[in-house]
Amino acid sequence: MRITTEQNDIDYVLYSEERIRERIKEIAATLTEEYRDKNPVVVCILKGASFFYVDLCRLLRFPIFMDFISVSSYGASAQSSGVVRIVKDMDKNITDRHVLIVEDIIDSGLTLKYLKELFTSRRPASIKTVCFLDKHECHQCEVAADYCGFSIPNRFVVGYGLDYSDFYRNLPYIGVLKPEVYA
Ligand code: PRP
Ligand code: 7HP
């Protein structure tokens, strides 16, 4: 049982609720231009992307099919294991469909690279990615999101869906976790 409150483990707030809301509006407007006639399958990468996904989808002004896939590569660690495990696959067949992958963060990039390869093997009409946060300094492979919320420094962040050891996901902002919490 944790004895500190989650707020006390936060070093500082990187993006406030208001800043997050503003940025998602901008991304939704861009995606509405791109996808207005395409009826895409918009795929949430559980669990981290859940908050971003819901807030984004409600601002998209075109018809979408919602689907979810759950993968895990971090477990209870602050370091990627490098091995991506599918916990729950999608329900829909994406062959010949336009697909938009919604991710919360690119860190090593191994998860997104794996997902793009997996989805490509299912022969969609097109595949693009929108990622809320990108730790570009940390990439360990060639990977880039087509749309990105914020480019962030190499700090471990939590909140707005992102966790450390499954805690902190429901903080309403993106906060930098104090290193002593995971050291
Ligand atoms: C986190 C995050 C991304 C991935 C990014 O998922 O949600 O999917 O790690 O890291 P990478 O770029 O180094 O691969 P995690 O495996 O922790 O699962 P979760 O979304 O359920 O928290
Ligand atoms: C995964 C992840 N989860 C939460 N916070 C971070 O900074 C992360 N990087 N990769």
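Leaving aside neighbours within four places in sequence, with which residues is Gly82 in contact? The answer is Ser73 and Leu110, where contact means heavy atoms within 4.5 Å.

The model is predicted: local features need pLDDT of at least 70, side-chain atom pairs count only at pLDDT 80 or more, and totals for chains, interfaces and linings use all residues. Residues are numbered from 1 along each chain as its sequence is written, chains are lettered from A and ligands numbered from 1 in the order in which they are written, and side-chain values use heavy atoms, with hydrogens and water left out.

1. Setting of Gly82. Gly82 lies in the loop between β3 and β4; helices (H or I, at least four residues) and strands (E, at least two) are DSSP runs, numbered from the N terminus. With a relative accessible area of 37%, Gly82 is partly exposed. On this scale, buried means under 20% relative accessible area, exposed over 50%, and partly exposed in between (1.4 Å probe, protein chains only). Gly82 and Ile20 are separated by 62 residues in sequence and by 29 Å in space, C-alpha to C-alpha.

2. Packing of α1 and α2. Two packed helices are described by the angle between their axes and the distance between the axes. For helix α1 (residues 17-35) and helix α2 (residues 50-57), the angle is about 60° and the axes are 9 Å apart. Axes are lines fitted to C-alpha atoms, for helices over the stretch in contact, and angles run from 0 to 180 degrees between N-to-C directions. The two helices α1 and α2 are therefore oblique to each other; angles under 35 degrees count as roughly parallel, over 145 as roughly antiparallel, 65 to 115 as roughly perpendicular and the rest as oblique.

3. Residues between α1 and α2. On the α1 side, Ile24, Ile27, Ala28 and Leu31 meet Phe52, Asp55 and Leu56 of α2. The residues of this contact comprise six nonpolar, no polar and one charged. In this grouping, Ala, Val, Leu, Ile, Met, Phe, Trp, Tyr, Cys and Pro count as nonpolar, Asp, Glu, Lys and Arg as charged, and the others, Gly among them, as polar.

4. The buried face of α2. Phe52, Tyr53, Leu56 and Cys57 are buried in α2. Viewed down the axis of α2, these buried residues fall within an arc of 115°, so they line one face of the helix; the arc is that of the directions from the helix axis to the C-beta atoms. The cover over the buried residues of α2 includes α1, β2, β3, β5 and β6.

5. The buried face of α3. In helix α3 (residues 110-120), the buried residues are Thr111, Leu112, Leu115, Leu118 and Phe119. They span an arc of only 125° around the axis, which puts them on the same side of α3. Their cover includes β2 (41-46), β3 (65-72), β4 (85-88), β5 (98-106) and β6 (126-134). Leu118, for its part, counts as buried at 17% relative accessibility. Leaving aside its neighbours within four places in sequence, Leu118 is in contact with Ile69 and Ile86.

6. Ile94 counts as buried at 1% relative accessibility, whereas Asp96 is exposed, with a relative accessible area of 63%. Apart from its neighbours within four places in sequence, Ile94 is in contact with Val41, Val99, Phe119, Arg122, Arg123 and Pro124. Ile94 and Ser121 are 27 residues apart in sequence and 10 Å apart in space, C-alpha to C-alpha.

7. Backbone points to inspect. Most residues other than glycine have a negative phi, and most peptide bonds are trans. Asp96 has a positive phi of about 65° although it is not a glycine. Tyr160 also has a positive phi, near 50°. Tyr160 is found in the loop between β8 (157-158) and β9 (174-177) and is buried, with a relative accessible area of 5%. A cis peptide bond, with omega about -5°, joins Leu46 and Lys47; Lys47 lies in the loop between β2 and α2.

8. Setting of Ala144. Ala144 is placed in the loop between β6 and β7 (147-151) and is partly exposed, with a relative accessible area of 48%. Leaving aside its neighbours within four places in sequence, Ala144 is in contact with Lys116 and Thr129. Ala144 and Leu112 are 32 residues apart in sequence and 8.6 Å apart in space, C-alpha to C-alpha.
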